[in-house]
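Please look over the sequence and the model below.

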Amino acid sequence: MNNLQKVANVAVIALLFASSALGAESVTTANAWTRATVPGQSVAGAYFDITSVAPAALVAVESPAAKKAELHTMSMDGGVMKMRAVQKIELPAQQTVSLKPGGYHVMLIDIKRELKAGERVPLKIVVQDGRGVKTSLNVEAEVRAAAPPAQHMK
Ligand SMILES: [Cu+2]
């Protein structure tokens with residue numbers, strides 16, 4: 001570890017002690033994307049990598065592109081992949097949690113218009129820290145070219 005890294009680590013620790021609430025800089029996201037929709041498609045998954053410096057949880061998402069957004073998980077149930085809504089997605093300290101097809105994802109429900117490849121969909125994500133304090137972050141999801149829409153089961 002060089003001196004610059006040591007200074008950076010001390011700065012992060014100081015920040016943790018200085019603020020009881022998670023600052024916007026304490027949670028980072030990367031690689032946010034969603035799939036382009038086909039006409040008539042009303043739901044779409046949105047995905048991103050999220051990392052928190054302190055233990056936290058992703059508790060809500062909203063987007064102006066959809067009437068509502070839910071946090072979903074996907075698991076095998078009797079040999080069938082099923083999605084279900086979850087109240088939160090735990091974010092262990094300094095571990096990147098990936099929302100991706102086949103796992104945790106954001107479900108955009110009642111999409112207001114077609115999502116076209118190349119455009120960006122704004123997402124507002126809400127993270128709750130260990131003391132219950134909520135912080136919201138804005139994330140831009142890149143719309144990627146369509147693949148066959150996933151089956152949505154309740
Ligand atoms: Cu889903």
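A residue is buried if 20 or more other C-beta atoms lie within 10 Å of its own, exposed if 12 or fewer, and partly exposed in between, with C-beta atoms placed from the backbone. Ala-36 is partly exposed because 18 other C-beta atoms lie within 10 Å. Thr-29 has 20 C-beta neighbours inside 10 Å and therefore counts as buried. Across the chain of 154 residues, buried residues make up 26%.

The model is a predicted one, in which local features need pLDDT of at least 70 and side-chain atom pairs count only at pLDDT 80 or more, while totals for chains, interfaces and linings use all residues. Residue numbers start from 1 along each chain as its sequence is written.

Helices (H or I, at least four residues) and strands (E, at least two) are DSSP runs, numbered from the N terminus. The chain has 1 helix and 10 strands, in the sequence pattern α-β-β-β-β-β-β-β-β-β-β. Thr-29 lies in strand 1, whereas Ala-36 sits in the loop between strand 1 and strand 2.

Ala-36 and Lys-116 are 80 residues apart in sequence, with 5.0 Å from C-alpha to C-alpha. For Thr-29 and Asn-138 the separation is 109 residues in sequence and 9.5 Å in space, again C-alpha to C-alpha. Two residues are in contact if their C-beta atoms, placed from the backbone, lie within 7 Å. Leaving aside neighbours within four places in sequence, Thr-29 contacts Phe-48, Asp-49, Ile-50, Leu-137 and Val-139. Of the chain's contacts between residues at least 6 apart in sequence, 72% join residues at least 24 apart.

Strand pairing can be followed from strand 3. Two strands pair if DSSP finds at least two bridges between them. Strand 3 runs antiparallel to strand 6, with 3 bridges; here Leu-58 has Ile-89 of strand 6 as its bridge partner. Strand 3 also runs antiparallel to strand 9, joined by 6 bridges, and Val-61 is bridged to Ile-125 in strand 9.

A nonpolar core is a set of buried Ala, Val, Leu, Ile, Met, Phe, Trp, Tyr and Cys residues joined through C-beta atoms within 7 Å. The largest one has 27 residues, and those with the most contacts inside it include Leu-58 and Ala-46. Strands 1 (27–35), 2 (43–52), 3 (56–62), 4 (66–77), 6 (89–91), 8 (105–111), 9 (120–129) and 10 (134–144) each give two or more residues to this core. Not counting residues up to four places away in sequence, Ala-46 touches Thr-34, His-105, Val-106, Leu-108, Val-121, Leu-123 and Ala-141.
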